[in-house]
Amino acid sequence: MNTQEEVQSPEICPKCGSKLSEVVATPTGKKLQRCSAGQWNADTKTTEGCTYVKWLQIEPEKLEEKCPKCGADLLLVVTRFNKRMKKCSTNTWDPKTRQASGCDYVEWINGTSENLEEDCPECGEKLVLFTTSSGKKMKKCSTNKWDKEKRCAVGCTYVEWLK
Ligand SMILES: [Zn+2]
Ligand SMILES: [Zn+2]
Ligand SMILES: [Zn+2]
C-alpha cells in the first residue's frame, strides 16, 4: 500500500481552499458548515460561489440498552438521511486504515407500533398505529406482516397515512 493522502485541516474547504463558515443547524437538527466563499441566496434558492458543504456528524446518544453480542453500551445513531439505528459503542471507524473495528452489532430502527381499539374497514381485524423511523404515522391492519422468507408482505393491505 502506497497511498498518500493529503492531510487537510478540517476547517479549510477542499474545493477552493477558503475557510469554512461557522456551524449552522438545519430545521431538522442536522449540522453543517458552508464554505465562506459560498453564500446561500434565499431569493434565488441557490448557492452563489463555492458550493461546498460539510455535514457534521450528529453526536450519537447513549442508550440504556446493552449490546446483545458483547454486552457493551449501545448508541443511537441518526444518519444523514434521518434513519435511525442502534450500534455497539465499541464499534469505531478508523479513517486512516478505512476499517471498522470493534463489535459489528447494528440494529436499524424501523419504527414503533401501538395497538389501536379500531377495526380495519377492510377485514374487521384490529388496526395498529405505526410510526416510521422518520417519524411519519400510519394506521395499518394488524394482519399485515412482512414475510422474511418469501420477502413479501402478507395479510390485509389496508393502510391509512396520518397527516
Ligand atoms: Zn470552497
Ligand atoms: Zn457489541
Ligand atoms: Zn385488514
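Helices (H or I, at least four residues) and strands (E, at least two) are here DSSP runs that are numbered from the N terminus. The model is a predicted one, in which local features need pLDDT of at least 70 and side-chain atom pairs count only at pLDDT 80 or more, while totals for chains, interfaces and linings use all residues. Residues are numbered from 1 along each chain as its sequence is written, and chains are lettered from A and ligands numbered from 1 in the order in which they are written.

**View 1. The segment of residues 11-20 and its annotation.** An unreviewed UniProt entry places the feature "domain: DNA topoisomerase type IA zn finger" at residues 11-20, 65-83 and 118-135; UniProt positions are given in the numbering used here, feature names are shortened, and annotations may be inferred rather than shown by experiment.

View 2. Strand 3 (residues 38-41) pairs with strand 4 (residues 46-49) in the antiparallel sense over four bridges, where two strands count as paired if DSSP finds at least two bridges between them. Gly38 stands opposite Gly49 in strand 4, and Trp40 has Thr47 of strand 4 as its bridge partner. Four residues lie between the two strands of this hairpin, and Lys45 in the turn has a positive phi of about 55°.

View 3. Three strands in the order 1-2-5, with antiparallel pairing, make up an open sheet. Its edge strands, strand 1 (24-25) and strand 5 (53-56), each pair on one side only. Strand 2 (residues 31-34) is joined to strand 5 by four bridges and runs antiparallel to it, with Lys31 standing opposite Leu56 of strand 5.

View 4. An automatic or database domain assignment gives the bounds by which the chain is divided into domain 1 (24-56), domain 2 (61-109) and domain 3 (112-161). The centres of domain 2 and domain 3, taken over C-alpha atoms, are separated by 29 Å. Gly111 has its place in the loop between strand 11 (106-109) and strand 12 (112-119). The C-alpha atom of Gly111 is separated by 9.8 Å from that of Lys83, 28 residues apart along the chain.
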